[in-house]
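The following exercises concern the structure shown below.

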Amino acid sequence: TKQHRTSIDALRNEAIFEARQEFDERMRQMREDLEQEKYEEINRVMEDSSRERQRLVKEMEVLQMRSSDHHSNNNTTGGHVTSSPSRYYPNESAGRISVSSENEYHLLDTEYEYLKRVLYKYLRGEHTQQLLKVIVAILRFSESEKRELLGVSPT
């Protein structure tokens, strides 16, 4: 009776204690796994951001070189410029942007794929304000179009 009940209570308490320890261990492991997943995701995002930054820096350098070439050629050729991007990327058979006049640009495969990914995310509603700025830049909207789309007042 009483001794038997005490024995049952002790076994029950021991089982509860072991279950609690097992539960706590599982929770600890789940937290560690989640922390590791977060850490890995942060590293992936940082690596992607770093690669994108490097790509943008290279593209900006090329555009700056083209701009300086354009201005120097514009003064000597009367405004008609044909820029050869392979001069800046000798290993590429085709450049990213073909310039045949001041306002005429053509998107090539790499820019098209980038624009496609940006538009996809934009249409899904992800980071819309930031992506709208990227889209406006890629498609080279005029200043008035930029202000209208971005809701920026003229300065």
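The model is predicted, so local features need pLDDT of at least 70 and side-chain atom pairs count only at pLDDT 80 or more, while totals for chains, interfaces and linings use all residues. Residues are numbered from 1 along each chain as its sequence is written, and side-chain values use heavy atoms, with hydrogens and water left out.

**Exercise 1. Overall composition**

Task: State how many helices and strands the protein has, and in what order the elements run.

Solution. 
Step 1. Read from the N terminus, the order is α-β-β-α-α-α.
Step 2. Of the 155 residues, 14% count as buried (under 20% relative accessible area, with exposed over 50% and partly exposed in between; 1.4 Å probe, protein chains only).
Step 3. Of the contacts (heavy atoms within 4.5 Å) between residues at least 6 apart in sequence, 28% join residues at least 24 apart.

**Exercise 2. The buried side of H3**

Task: Determine which residues of helix H3 are buried, and how they are arranged around the axis.

Solution. 
Step 1. Helix H3 spans residues 128-138, and its buried residues are Leu-131, Leu-132, Ile-135, Val-136 and Ile-138.
Step 2. These residues lie on the same side of H3, because they cover an arc of only 165° around the axis; the arc is that of the directions from the helix axis to the C-beta atoms.
Step 3. The largest nonpolar core consists of six residues, Tyr-114, Leu-115, Val-118, Leu-131, Ile-135 and Ile-138. Such a core is a set of buried Ala, Val, Leu, Ile, Met, Phe, Trp, Tyr and Cys residues joined through side-chain atoms within 4.5 Å.
Step 4. Helix H2 (109-123) and H3 each supply at least two residues of this core.

**Exercise 3. Packing of H3 against H4**

Task: Describe how H3 and helix H4 pack, and identify the residues in contact.

Solution. 
Step 1. H3 and H4 (residues 143-150) pack at an angle of about 165°, and their axes are 11 Å apart. The axes are lines fitted to C-alpha atoms, for helices over the stretch in contact, with angles from 0 to 180 degrees between N-to-C directions.
Step 2. That angle makes H3 roughly antiparallel to H4 (over 145 degrees).
Step 3. From H3, Gln-129, Leu-132, Lys-133 and Val-136 make the contact, and from H4, Lys-146, Leu-149 and Leu-150.
Step 4. Leu-150 touches Gln-129, Leu-132, Lys-133 and Val-136, not counting residues up to four places away in sequence.
Step 5. Leu-150 and Leu-132 are 18 residues apart in sequence and 7.5 Å apart in space, C-alpha to C-alpha.
Step 6. Leu-150 is partly exposed, with a relative accessible area of 23%.

**Exercise 4. Positive phi values**

Task: Locate His-127 and Arg-140, and give the phi of each.

Solution. 
Step 1. Most residues other than glycine have a negative phi.
Step 2. His-127 has a positive phi near 50° and lies in the loop between H2 and H3. His-127 counts as exposed, at 55% relative accessibility.
Step 3. Arg-140 is not a glycine either, yet has a positive phi of about 55°.

Terms used
Helices (H or I, at least four residues) and strands (E, at least two) are DSSP runs, numbered from the N terminus. Angles under 35 degrees count as roughly parallel, over 145 as roughly antiparallel, 65 to 115 as roughly perpendicular and the rest as oblique.
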